[in-house]
Amino acid sequence: MKSKFLSTAIGSMPFADAGRAVALSLETLDAPIWPQLPKLGLREQMEIQYSEGMPRAVVDEVKGRMYFDTSVDYSEEFAGFYERYMEACEDEAAGFEAAAISPEFSRGLYALENALKNTGKRPFLKVQTTGPCSFALTIVDENKRAVYYNEEFRDVVVKALAMKCRWQLRRFAPYADKLICFIDEPILSAFGSSTYVSVKREDVVAALAEVIDAVHAEGALAGVHCCGNTEWSILTDAGADIVNFDAFGYGDTIAMYPEQIKRHLENGGMLAWGVVPTSDAIRGQTVESLEAQLESVMDGLSVQRIDKGLILEQAILTPSCGTGSLAEEDALRVFSLLSQLSARMKENYGF
């Protein structure tokens, strides 16, 4: 696919009105998203939003947290989970309803679906899930140990998130010619640090690859989003179609992996340039300043003997991260500038 500066976004928005968030998504993005709305409460938080149906998951509304209770015999619950997983994967008619995200955990998802029933089919739509590494390294057990380090629970998390992707993609298949699913992995910016020294590269690649394979099983494009610096070859080795990075704050880092990125592009992969900042820096930006930044980081990659034409034709534009933590006015500016920049770049290169 030649994306040619297609615009899309990361999931979170700072609004409490799902209808308003969906309208902004539909009005400004080539690939609209369903909005994650953390201001609506605990269940719309990044990891918790995808926790429904996971065995031994406890959402503690009083303390405002989620954890896995591993203190009792969970063998029967695990057996039930794997039975549902196998049935969903093997029985086409069964679907992935066992992995459904209910309205209590996502008002934005259903608001987008309802809007699309009235507006008709779109060329592109984007859905998203929290990545398995970010989920399992963030959510802890009753002893405050990340469940990533419990291999049984880590496998459940990976498979549950894979099913969440497939459920979303089937849900939105009637409304788009092509679906994109982003796997959001912000924690990969800390990969290799002393905090996660025991996290092995091959395990990260395997976990990501399993979720990416689930996306591919539904005929969709799989993107991986990381809003900091990381070892970008992890994403390409895992099979991501789209590598999404913060091109405003970490634009130069992608050029540190020229051979892997060149191979990624030559094999039809795309780069999603998160060039519109989702910090206070947005207040000082214009279309012209963002265009200059984008051209600079693209040129920095093209000097690594990578065809500039490939970079241009297989470019997607996004904000650097979600806008959920921004003031509403700043978020509106992010989406406005993103839309304008996408139009500017398409015009500049005749797309």
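Trainee: In this predicted model, is Ser302 buried or exposed?

Mentor: A residue counts as buried when its relative accessible area is under 20%. Ser302 has a relative accessible area of 19%, so it is buried.

Trainee: Where is Ser302 found, and what does Ser302 touch?

Mentor: Ser302 is found in helix α9, which covers residues 287–302. Leaving out residues up to four places away in sequence, Ser302 touches Lys308 and Ile311.

Trainee: How do I read the same features for Thr129, and why does Thr129 count as buried?

Mentor: Apply the cut-off of under 20% again. Thr129 counts as buried because its relative accessibility is 1%. The place of Thr129 is in strand β4, residues 122–130.

Trainee: Which residues does Thr129 touch?

Mentor: Not counting residues up to four places away in sequence, Thr129 touches Tyr50, Leu161, Lys164, Cys165, Gln168, Phe182, Ile183 and Asp184. Take Gln168 from that list: Thr129 and Gln168 are 39 residues apart in sequence, and their C-alpha atoms are 9.3 Å apart in space.

Trainee: What should I know about side chains in a strand?

Mentor: In a regular strand the side chains alternate between the two faces of the sheet.

Trainee: In what sense do strands β2 and β3 pair?

Mentor: β2 (residues 57–60) and β3 (residues 65–68) pair in the antiparallel sense, over four bridges. Asp60 has Arg65 in β3 as its bridge partner. The two strands form a hairpin with four residues between them, and Gly64 in the turn has a positive phi of about 65°.

Trainee: At what angle do helices α2 and α5 pack?

Mentor: Helix α2 (residues 75–90) and helix α5 (residues 151–172) pack at about 35°, with their axes 11 Å apart. Their crossing is left-handed. On the α2 side the contact is made by Phe78, Phe81, Tyr82, Tyr85, Ala88 and Cys89. On the α5 side the residues include Phe153, Val156, Lys159 and Met163. The contact residues divide into ten nonpolar, no polar and four charged.

Trainee: How many residues does the largest nonpolar core have?

Mentor: A nonpolar core is made of buried nonpolar residues joined through side-chain atoms. The largest here has 113 residues, and those with the most contacts inside it are Phe68, Phe172, Leu271, Trp273, Leu294 and Leu301. Helix α5 gives the most to this core, with eleven residues.

Trainee: What is Leu271 in contact with?

Mentor: Setting aside neighbours within four places in sequence, the contacts of Leu271 include Val243, Phe245, Ile254, Leu301 and Ile316. A second, separate core has eleven residues, among them Ile10, Phe124, Ile242 and Met270.

Methods. Residues are numbered from 1 along each chain as its sequence is written. This is a predicted model: local features need pLDDT of at least 70, side-chain atom pairs count only at pLDDT 80 or more; totals for chains, interfaces and linings use all residues. Side-chain values use heavy atoms; hydrogens and water are left out. Buried means under 20% relative accessible area, exposed over 50%, partly exposed in between (1.4 Å probe, protein chains only). Contact means heavy atoms within 4.5 Å. Axes are lines fitted to C-alpha atoms, for helices over the stretch in contact, and angles run from 0 to 180 degrees between N-to-C directions. A crossing is left-handed if the near helix is turned anticlockwise from the far one by less than a right angle, and right-handed if clockwise. Ala, Val, Leu, Ile, Met, Phe, Trp, Tyr, Cys and Pro count as nonpolar, Asp, Glu, Lys and Arg as charged, and the others, Gly among them, as polar. A nonpolar core is a set of buried Ala, Val, Leu, Ile, Met, Phe, Trp, Tyr and Cys residues joined through side-chain atoms within 4.5 Å. Two strands pair if DSSP finds at least two bridges between them.
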